[in-house]
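Please read the following briefing alongside the sequence and the coordinates. It is grouped by topic, with cut-offs given where a term is first used.

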Number of protein chains: 2
Amino acid sequence: MAKNDVKLLGIWASPFVMRARISLNIKSVNYEFLEETVGSKSELLLQSNPVHKKVPVLIHGDKPICESLVIVQYIDEVWTSGPSILSADHYDRAIQRFWAAYLDDKWFPAMRRIRGAQGEERQELVDQVVEGLALLEEAFGKYSKGKAFFGGDQIGFIDIAFGSLLGWLRVTEKVGEVKLLDEAKTPGLVKWADCFCADAAVKSVMPETEKLIEFSKFLMAKMKGAPSPKN
Amino acid sequence: MAKNDVKLLGIWASPFVMRARISLNIKSVNYEFLEETVGSKSELLLQSNPVHKKVPVLIHGDKPICESLVIVQYIDEVWTSGPSILSADHYDRAIQRFWAAYLDDKWFPAMRRIRGAQGEERQELVDQVVEGLALLEEAFGKYSKGKAFFGGDQIGFIDIAFGSLLGWLRVTEKVGEVKLLDEAKTPGLVKWADCFCADAAVKSVMPETEKLIEFSKFLMAKMKGAPSPKN
């Protein structure tokens, strides 16, 4: 394998894989996308990520890098000729890492549980997610300074961490019949989400909501041996 | 507040607060430690970390930084004249971030649940923690290259992320009557733990196991109004 070969092990529907793809697109890095089969892990995946056995894995030359936010930071640090993903300012970088951790540790885990929850538990999760969106709306107002993205004129670290979750947010809204991202309560985020999905680095890798819904049904039914939908 | 004033909001028994303290010690940064009272959050804490309302919070000048691993990276990036905490090499940095995330997302959450668990659940948690230690032993062999620390001759990012959890590991072993860090299975880590705790940047902030046990009993009993043990 050539020293500068870049491969990405992933699944098209994974928001975490999307983070790596968007980052590679921002930096104009050519890479080979190796689609894993759901329910069957390739030998290369097991060798490259023996701890978690999960996608995404970026393989740069012969070196595997795992965990989506670690991958995004690696891409940002290695391919410095492209636009920066994290700010140069130390404090801004800390703020960006803070919100990315919040999304992964608190917001997304609550959001992904909504569809499987019932009654009071479900209402608590919806409230948590909506409160989280209010916090993110406030952060957006503070950091975007009237521009399109959390990162200003260009997509940055918070944009990637949050924007990659938009597809599954829409699935949750549609299948779970619940309004989460609301024009009246979070107008900044609604506009931001449109700009994010329309961006050149994003639109080729952001799955359509209908396809994600189909994939989600397949995941639920996979015990029964239904065929995997392709993107 | 002067621009370069450094304050740390913390609780002496918190492993996450310890990460910030060790990092500040490594960089020889003078700071004021503001001890929070358990069960009562100060106004400054609520203002500085409105999202999580948790310690540690580093306040640099008038800027609050939250989340321990974010704080450690911030300290490393701002005070560059001291020894580096993360490596300069991009791939090594990715590896360091990977293991720190593993410790916080998988290993520590399993370890902290051991004492409250029973029967089969407890055995599963113990097995998870022991398997994790085997992975960390392997990583130590690979990255320390025969030197004292994951970071080589000096304490680095993995050392701080993992070493800060040693106090509570010992509490779990002692109170939970379970052997986790085992000379026979993880000889490298046993030696590393001794070196880590003896390091000049660590020994003044690493609590004695007996004091942590006392603190842990206080936490269990705090509904009854027991007084807080001080370090």
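Strand β1 (residues 6-10) of chain B is mostly covered, five of its five residues being buried, where buried means under 20% relative accessible area, exposed over 50% and partly exposed in between, with a 1.4 Å probe and protein chains only. Helices (H or I, at least four residues) and strands (E, at least two) are DSSP runs, numbered from the N terminus. This is a predicted model, in which local features need pLDDT of at least 70 and side-chain atom pairs count only at pLDDT 80 or more, while totals for chains, interfaces and linings use all residues. Residues are numbered from 1 along each chain as its sequence is written, chains are lettered from A and ligands numbered from 1 in the order in which they are written, and side-chain values use heavy atoms, with hydrogens and water left out.

- β1(B) runs antiparallel to strand β3 (residues 57-60) of chain B and is joined to it by four bridges, two strands being counted as paired if DSSP finds at least two bridges between them.
- With strand β2 (residues 32-35) of chain B, β1(B) pairs in the parallel sense over four bridges, and the bridge partner of B:K7 in β2(B) is B:E32.
- From β1(B) the chain crosses through helix α1 (residues 15-26) of chain B to β2(B) in a right-handed β-α-β crossover, a term that applies if, with the strands pointing away from the viewer, the path from the first strand over the helix to the second runs clockwise.

- B:S23 lies in helix α1 of chain B and counts as buried, at 0% relative accessibility.
- The side chain of B:S23 reaches the backbone oxygen of B:R19 at 2.7 Å.
- Leaving aside neighbours within four places in sequence, B:S23 is in contact with B:V72, B:I75, B:I85 and B:I160, contact meaning heavy atoms within 4.5 Å.

**Helix α7 of chain B**

- Helix α7 (residues 166-175) of chain B is largely enclosed by the rest of the structure, because seven of its 10 residues are buried.
- Those buried residues are B:L166, B:G167, B:W168, B:L169, B:V171, B:T172 and B:E173, and what covers them includes α1, α4 (90-113), α6 (157-163), α8 (187-198) and α9 (209-221) of chain B.
- After α7(B) comes B:E177, whose phi is positive, near 50°.

**Interface of chain A and chain B**

- The size of an interface is often given as the accessible area lost when the parts come together.
- Chain A and chain B bury about 2300 Å² between them, 67% of it on carbon and sulfur atoms, where buried area is the accessible area (1.4 Å probe) that two parts lose on being put together, summed over both.
- In chain A, A:E77, A:Y91 and A:F98 lose the most area to chain B, together 27% of what that side buries.
- In terms of contacts, 26 residues of chain A touch 26 residues of chain B.
- There are four salt bridges between chain A and chain B, each defined by a side-chain nitrogen of Lys or Arg within 4 Å of a carboxyl oxygen of Asp or Glu.
- One salt bridge brings together the side chains of B:R93 and A:E77 (2.8 Å, N to O).
- The largest share of the side of chain A that touches chain B, 11 residues, comes from α4(A).

**Loop residues between α2 and β3 in both chains**

- A:N49 lies in the loop between α2 (43-48) and β3 (57-60) of chain A and is buried, with a relative accessible area of 2%.
- The side chain of A:N49 reaches the backbone oxygen of A:K54 at 2.9 Å, and a polar atom of that side chain lies 3.2 Å from the backbone nitrogen of A:H52.
- Leaving aside neighbours within four places in sequence, A:N49 is in contact with A:K54, A:V57, A:C66 and B:F98.
- B:H52 is found in the loop between α2 (43-48) and β3 of chain B and counts as buried, at 14% relative accessibility.
- Again leaving aside neighbours within four places in sequence, B:H52 is in contact with A:F98, A:Y102, A:K106 and B:E67.

Conventions
A polar contact is a pair of N or O atoms within 3.5 Å; within protein, one must be able to donate a hydrogen and the other to accept it, and residues adjacent in sequence count only if both atoms are side-chain atoms.
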